[in-house]
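Thanks for coming, everyone. Please bring it up on the screen.

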Amino acid sequence: MLATKSFFKRGSTAINVDYIVVAGGGGGGGYSGNGAGGGGAGGYRTGTITLNTSEDYTILVGSLGSGASSATQGSDGGDSQFSTITAEGGGGGGSSGGTSNANNAGRNGGSGGGEDSHAYGYSGGSGIYDAGQTLGHVLHQGRDGGNGANRNDDNGAGGGGGGGAYAVGSNGTHGSSVHSAGSGGNGGDGISVPNGTWGFTTFTVCAGGGGSVFTGTKGTGGNSGVGGDGQGQYDGSETVTSGDASTGSGGGGGGYVSSAAVNGGNGADGIILLKISNSYSASFSSGVTSALNTSVSGYNIYKVTVAGSSKKVTFL
C-alpha cells in the first residue's frame with residue numbers, strides 16, 4: 001500500500017505516510033492540603049496521509065506540561081503536529097489550596113487532568129472523546145480525568161487521576177472517617193506502540209498521571225507508572241514522579257513531605273512516528289532529533305522526539 005506511486009505534478013510523487021502523532025502530557029497539580037490531580041495524557045492521533053515528495057511539511061513535537069507549585073493547576077502539554085494532523089496537549093491536574101475556585105478542576109485537553117480532592121463542585125478535565133470514532137481520530141484523542149474524593153478539610157482525601165488515551169483516570173477516594181487514609185486516583189492507561197508494526201522496542205504512549213493524597217496511598221500513573229505517580233504518605237515513602245520521557249504521558253499530583261510542599265510531576269514531551277516505503281527517505285530541518293529504524297521489512301520508520309516551531313520534514 002505504501003509503495004504505490006502516482007505523479008501529481010512534474011518532479012513530485014505521491015507517497016503514503018503512516019503516522020502516530022502524540023502531544024505533550026499535562027503536569028500534575030500542586031499540593032493543596034488534600035490531594036491534587038494527576039496530569040492528563042497528550043492527545044493521540046494515528047492513520048495514513050498521502051503527501052508529495054520534494055515538498056516541505058510542518059513537524060512539531062509538543063512540549064511537556066510543567067508540574068505545579070502549591071495551590072495551582074499543572075500546565076497543559078503542548079500540541080504536536082505533522083502536516084495537517086494535530087494532537088492536542090494533555091490537561092493539567094487540579095489543585096486549589098482549599099478554596100473554592102476554578103483551580104480545583106482538572107484542565108481539558110487531549111486527555112483531561114484529574115480533579116483536586118476538595119468538594120467544591122468541580123470535576124476532572126474533559127478529554128477529546130467521541131465513542132463513535134476510533135482512537136486516533138481527530139474527535140477521539142483521549143479520555144477524561146478522574147474526580148477527586150470531594151471532601152473538604154480531610155488530608156486522607158485523594159485527587160483524581162489524569163485521563164489516558166485508552167482509559168479514563170480513576171477517582172480519588174477518602175477513608176471511612178475524617179483524616180483516615182484514602183487514595184489518589186490512578187492515571188488512565190495509554191496505548192502500546194508495538195515493535196512488529198513500528199520497529200522500535202515496544203513502548204507505551206499517552207498514559208495519565210496519578211492523583212496524590214496526604215495520608216494514604218498514592219495514585220499510580222497509567223500503565224504501571226508510564227504516567228507519573230502521585231505523591232502519597234507524608235513521610236516520603238511514596239514520591240511523586242514525572243511521566244516517562246517522550247511518551248506524552250501526564251505527571252503525578254503534588255503532595256507534602258517533611259513539612260514542605262512538593263510540586264506536581266512534569267508531564268512528558270510528545271513524540272511523532274512516521275512510516276514510509278523504503279523506496280523513500282525523510283529529511284528533517286536542522287535541530288530536529290530523529291532516529292531511523294529499518295527492521296520492518298520494506299519500510300523506513302522515523303521516531304521524532306524533538307522538533308520545535310517552524311521545523312519541516314521532506315520526503316525524497
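Start with a cluster: ring pairs link Tyr 19, Phe 82 and Phe 315. A ring pair here means rings of Phe, Tyr or Trp (its six-membered ring) with centres within 6.5 Å; planes under 30 degrees apart are stacked, over 60 edge-to-face, and the rest tilted.

Before going on, some ground rules. This is a predicted model: local features need pLDDT of at least 70, side-chain atom pairs count only at pLDDT 80 or more, and totals for chains, interfaces and linings use all residues. Residues are numbered from 1 along each chain as its sequence is written, and side-chain values use heavy atoms, with hydrogens and water left out.

Back to the rings. The structure holds six aromatic pairs. One of them joins Tyr 19 and Phe 82, and it is tilted, at 6.3 Å centre to centre with 55° between the planes. Where do Tyr 19 and Phe 82 sit in the chain? Tyr 19 is in strand 2 (residues 12-22), and Phe 82 is in strand 5 (residues 80-82). That puts them 63 residues apart, so the pair links distant parts of the chain.

A word on strands and helices. They are DSSP runs numbered from the N terminus: helices are H or I, at least four residues, and strands are E, at least two.

Are Tyr 19 and Phe 82 buried or exposed? Both are buried. Buried means under 20% relative accessible area, exposed over 50%, and partly exposed in between, with a 1.4 Å probe and protein chains only.

Next pair: Phe 214 and Tyr 256. This one is tilted too, at 5.5 Å centre to centre and 40° between the planes. Phe 214 lies in the loop between strand 9 (203-205) and strand 10 (216-217), while Tyr 256 is in strand 11 (residues 255-257), so the pair ties together parts 42 residues apart in sequence. Phe 214 counts as buried because its relative accessibility is 15%. Tyr 256, at 26%, counts as partly exposed.

Now zoom out. The chain has two helices and 17 strands. Its radius of gyration is 20 Å, close to the 20 Å that the globule rule gives for 316 residues, so it is as compact as a globular protein of that length. That radius is taken over C-alpha atoms, and the rule is 2.2 Å times the number of residues to the power 0.38. Along its principal axes, the C-alpha trace spans about 75 × 35 × 30 Å. Of the 316 residues, 57% count as buried.

That is my tour; over to you.
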